[in-house]
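User: Hi! I'd like to go through a protein model with you, one question at a time. Could you show it first?

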Amino acid sequence: MTRYVDEDLHGAEFRECDLTGARLIGVVMQDAVIDGLITNLVVNGVEVTEYVEAELDRRHPVRVLIRSEDPADLREASRQLHAGWAATIERIRRTPGIERRSVNDEWSAVQTMRHLVFVHDSWFRRCCLGSTELFTPMGIGTTVEPYRGAHGLDLSLDPALDEIASVRDAQTAELEAWLDEVTAMQLAARAPVPDDDVWPPYARGRLVRQCLGTVLNETFEHHGFCVRDLDLIEAQDAE
């Protein structure tokens, strides 16, 4: 374990780091931001994860629907997520060019949407439907080799907002048509992930419900990231 003693980490940024088991003792932490997969977090002797999760559910009730095993709840979750993205896309259209701006080294809005194109192709079509078709070329996937730019992805593409939105609308319609017919028994079945070397290899052995959960969670989380960054950009422009 790496130990930092009497170090000045003021303004430090830890990105894509595994801090499992980390202990911060006698620290000064003011105006700090923690964003990620967080469980069993103890602050000054108080386990705060449940408080945080409850507050997030209060702010975003769709999270409760996303966790449900009821197909009707999952259909409603998908509908709400699509409506949220549709509103954000209209917001983006009111400020041409903002869709390609980024802050704090995060993805721009169009990059975020292109990533969701990839998520749909990989975690829904491939894992829930068992499709072996090539991914949509405009998708942005993992940076891990050999999956980066593989299975039909074209890293040279630079599609316009309307083109990406059209693809996402078609994908959403496909997902919602499937959700209209899917049963609880089908959701509880083992995911029909093809036996080949295509992303995501670690999905084998998961249930259809788990793979669907990845699609819905990614759609929700990346919408939050996109809105957060749009707010920051607009605040900067207003200064």
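Analyst: Happy to! A residue counts as exposed when its relative accessible area is over 50%, and as buried when it is under 20%. Please keep in mind that this is a predicted model.

User: Thanks! Is Asp 18 buried or exposed?

Analyst: Asp 18 sits in the segment before E1. Its relative accessible area is 66%, and the cut-off to pass is over 50%. So Asp 18 is exposed.

User: With which side chain does the side chain of Asp 18 make a polar contact?

Analyst: A polar contact needs a pair of N or O atoms within 3.5 Å. For the side chain of Asp 18 the distance is 2.6 Å, and the partner is the side chain of Thr 20.

User: How many Å apart in space are Asp 18 and Ala 87, C-alpha to C-alpha?

Analyst: In sequence, Asp 18 and Ala 87 are 69 residues apart. In space, C-alpha to C-alpha, the separation is 34 Å.

User: Which residues form a nonpolar patch on the surface with Leu 19?

Analyst: Leu 19 lies in the segment before strand E1 (42-43), and with a relative accessible area of 51% Leu 19 is exposed. The patch has about 450 Å² of accessible area together.

User: Which helix gives the largest share of the lining of the second largest pocket?

Analyst: That pocket holds about 280 Å³ of space. Its lining has 21 residues, and among the closest to its centre are Leu 81, His 82 and Trp 85. H3 (71-93), H4, H5 and H7 each supply at least two lining residues. The largest share, eight residues, comes from H3.

Conventions. Residues numbered from 1 in each chain as written. Predicted model: local features only at pLDDT ≥ 70, side-chain atom pairs only at ≥ 80, totals over all residues. Heavy atoms only, no water. Patch = residues over 30% accessible without salt bridge, like charges linked within 9 Å, V, L, I, M, F, W, Y side chains within 5 Å. Areas by Shrake-Rupley, 256 points an atom, 1.4 Å probe, with all protein chains shown as cover. Salt bridge = Lys/Arg side-chain N within 4 Å of Asp/Glu carboxyl O. Helix = DSSP H or I, 4+ residues; strand = E, 2+ residues; numbered from the N terminus. Buried < 20%, exposed > 50% of the residue type's maximum accessible area, 1.4 Å probe, protein only. Polar contact = N/O pair within 3.5 Å; in protein donor to acceptor, adjacent residues only side chain to side chain. 1 Å grid on protein atoms, 1.4 Å probe; cavity = no way out; pocket = protein on both sides within 12 Å on 5 of 7 lines; lining within 4 Å. Points joined across faces, edges and corners; volume = space filled by probe spheres on them.
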